[in-house]
Every structure is written in structure tokens, then in C-alpha cells.
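Open the model in your viewer and keep the selection panel at hand. The tour goes stop by stop.

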Amino acid sequence: MKTFAAKSSLLLCGLLLFAAPRLQAAQDDATPHAARWWKGNLHTHSLWSDGDDYPEMIVDWYKQHGYQFLALSDHNILLQGDKWIEATNNRGGVVALEKYLRRFGTNWVQLGEAKGKQRVRLKTLSEFRRLFEEPGRFLLIQNEEITDRFRSKPVHVNATNLRDLIEPQGGNSVLEVIQNEVNAVFEQHRRTGQPMFPHLNHPNFGWAVTAEDFMQVKGSGSSKSITVTRLSITRATPPTPVPTASGTSCRRCA
Ligand SMILES: [Zn+2]
């Protein structure tokens with residue numbers, strides 16, 4: 001039996017490929033439970049932070065383009081609660097709103113007005129995931145890009161499949177900021193029992209993170225459900241039996 005190989009370009013914005021357990025076995029085994037590769041994106045921004053489109057539009061694009069999983073990783077926020085934005089004065093502008101209305105219709109899109117300005121309510125992950133998720137075909141994963149810095153250097157750590165929001169932890173060096181964020185993810189995992197893992201995004205953004213910093217980051221020391229050693233996944237358990245994926249541009253990233 002082959003060992004689980006989980007490889008992904010966790011240091012970069014953009015497309016990630018996950019290897020499922022027993023990859024080699026999957027190539028020779030067409031049973032429903034055979035391991036296989038899933039295509040997705042764990043680093044994606046929407047109008048919930050500095051993206052330029054509505055979350056449903058982004059998810060729709062990824063699903064229609066053959067991805068199997070997507071995580072919307074907005075900056076220091078989860079897609080929860082009541083959030084209204086100005087309808088046209090945002091990164092997507094009139095064009096994004098018109099496309100959103102054409103695709104999902106006025107029965108889905110929530111428009112309102114406050115102080116003389118038209119507003120749109122952003123849908124939460126729990127509201128729109130039922131439109132897209134399909135067992136064995138497409139999965140959405142809750143995510144947050146913990147967006148921090150040390151002095152002028154940006155430090156962004158994704159927390160994939162977290163349950164509760166994690167505030168930026170700060171620190172007295174780039175390494176300490178990374179470590180504090182990583183520790184916060186592991187602490188939440190231990191507290192909740194939910195599978196989740198941290199990964200450092202775009203270390204070259206702002207030339208913030210050196211290889212020496214990176215080499216000193218400590219993993220959780222646990223191998224039961226998640227082990228991240230120096231931010232390279234050596235073992236991971238998917239949040240559900242079915243993978244998921246998607247993404248869009250990152251304005252705060254390079
Ligand atoms: Zn970032």
C-alpha cells in the first residue's frame with residue numbers, strides 16, 4: 001500500500017493540486033473509494049475583502065472550469081454574518097453587479113438602500129454553498145487568510161478549513177508572526193477537533209519571508225489528523241470525503 005502523498009504549492013497564490021492517499025493505487029483502481037487527484041484553489045478573494053467579484057460568481061467560474069474544490073480565503077474575515085457593500089463603489093463596480101444579477105436574478109441578489117446609496121448584501125458561505133456543492137464532484141472549504149505584518153513586511157498565513165475566525169497574532173519578527181499564526185491554527189484544531197492546516201502564502205510578496213525564517217517554523221508535533229512540518233504538509237485528512245476548489249485575484253498580494 002502506498003503512503004499518502006500530499007503535495008501542493010502551498011507557498012504560492014493560485015492553483016493547488018492535492019494528492020489523495022494511495023495515489024499510485026488509485027491509478028490502477030477504479031473503485032469509488034480509490035484515491036485520486038483533485039484540482040482546486042485554496043487562496044481566493046471575493047468582495048468580502050479585496051476581491052473584485054461576488055463569491056457566487058467566483059465559485060460558479062471554478063465549478064464550470066473543471067475544479068473540484070475551492071476555498072474563499074478573504075482577509076481576516078469569514079463569510080458569515082450580515083455584510084452589505086455599496087452596489088457600484090467596490091472593486092467589481094457596475095460590471096460585476098450586472099453580471100451577478102444576470103447570472104443569479106433578482107430573487108437571489110439582495111439589494112437595499114442606505115443614506116441614499118444602493119447596497120448589496122453579500123451572501124454567506126452557508127447560504128450559497130448548497131447551490132454548488134455536489135458529493136464527489138465539488139466541495140467548498142471555509143478559509144481565512146490571516147493577514148498580518150512585521151513592520152513593513154506582509155505576512156499572510158492561510159487557515160484552511162478552520163471553524164472560527166483567527167485574528168492576526170502579531171510578533172516581534174517575521175518568524176515570530178508566522179509561528180504565532182501557525183500556532184493559533186493548531187490551537188484551534190486541538191480545541192475543536194476539526195481538521196485544518198495553516199500554509200504560508202506568497203513568501204516573496206514584499207520580500208518578507210526568507211528561507212531562514214521558513215526553515216525555523218515549527219509544526220504541531222501531532223500526526224493524528226494534521227501534521228505540518230516547516231509548513232510542508234506531510235500528512236493531512238480532508239475535511240470531508242469529497243474535495244472542493246476555486247479562487248480569484250488577490251489585491252493585497254503581489
Ligand atoms: Zn495574501
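In which hand, left or right, does H2 cross H3? The crossing of H2 past H3 is left-handed. Keep in mind throughout that this model is predicted.

**Stop 1: the H2/H3 pair**

Select H2, residues 55-64, and H3, residues 93-104. Their axes lie 10 Å apart, and the packing angle is about 65°. That makes the two helices, H2 and H3, roughly perpendicular. Now show side chains at the contact. From H2, pick Glu56, Met57 and Asp60; they meet Lys99, Tyr100, Arg103 and Phe104 of H3.

**Stop 2: the buried side of H2**

Stay on H2 and colour Pro55, Glu56, Ile58, Val59, Tyr62 and Lys63. These residues are buried. Look down the axis: they span an arc of only 160°, so they sit on the same side of H2. Then step just past the end of H2 to Gly66. Its phi is positive, about 85°.

**Stop 3**

Is Asn143 buried or exposed? Asn143 counts as buried because it has 23 C-beta neighbours inside 10 Å. Leaving aside residues up to four places away in sequence, select its contacts: Leu42, Ala71, Leu72, Ser73, Asn158, Ala159 and Thr160.

**Stop 4: H5**

Move on to H5, residues 174-192. This helix has 19 residues and reaches 27 Å from first C-alpha to last, close to the 27 Å expected at 1.5 Å a residue. Which residues of H5 are buried? Select Val174, Val177, Ile178, Glu181, Val182, Val185, Phe186 and His189. Turn the view down the axis of H5: these buried residues fall within an arc of 165°, so they line one face of the helix. The spacing of such a set follows from helix geometry: with 3.6 residues a turn, residues three or four places apart point the same way.

Finish at Gly193, which follows H5 and has a positive phi, near 80°.

Notes: Residues are numbered from 1 along each chain as its sequence is written. This is a predicted model: local features need pLDDT of at least 70, side-chain atom pairs count only at pLDDT 80 or more; totals for chains, interfaces and linings use all residues. Helices (H or I, at least four residues) and strands (E, at least two) are DSSP runs, numbered from the N terminus. The expected span of a helix is 1.5 Å times one less than its number of residues. A residue is buried if 20 or more other C-beta atoms lie within 10 Å of its own, exposed if 12 or fewer, and partly exposed in between; C-beta atoms are placed from the backbone. The arc is that of the directions from the helix axis to the C-beta atoms. Two residues are in contact if their C-beta atoms, placed from the backbone, lie within 7 Å. Axes are lines fitted to C-alpha atoms, for helices over the stretch in contact, and angles run from 0 to 180 degrees between N-to-C directions. Angles under 35 degrees count as roughly parallel, over 145 as roughly antiparallel, 65 to 115 as roughly perpendicular and the rest as oblique. A crossing is left-handed if the near helix is turned anticlockwise from the far one by less than a right angle, and right-handed if clockwise.
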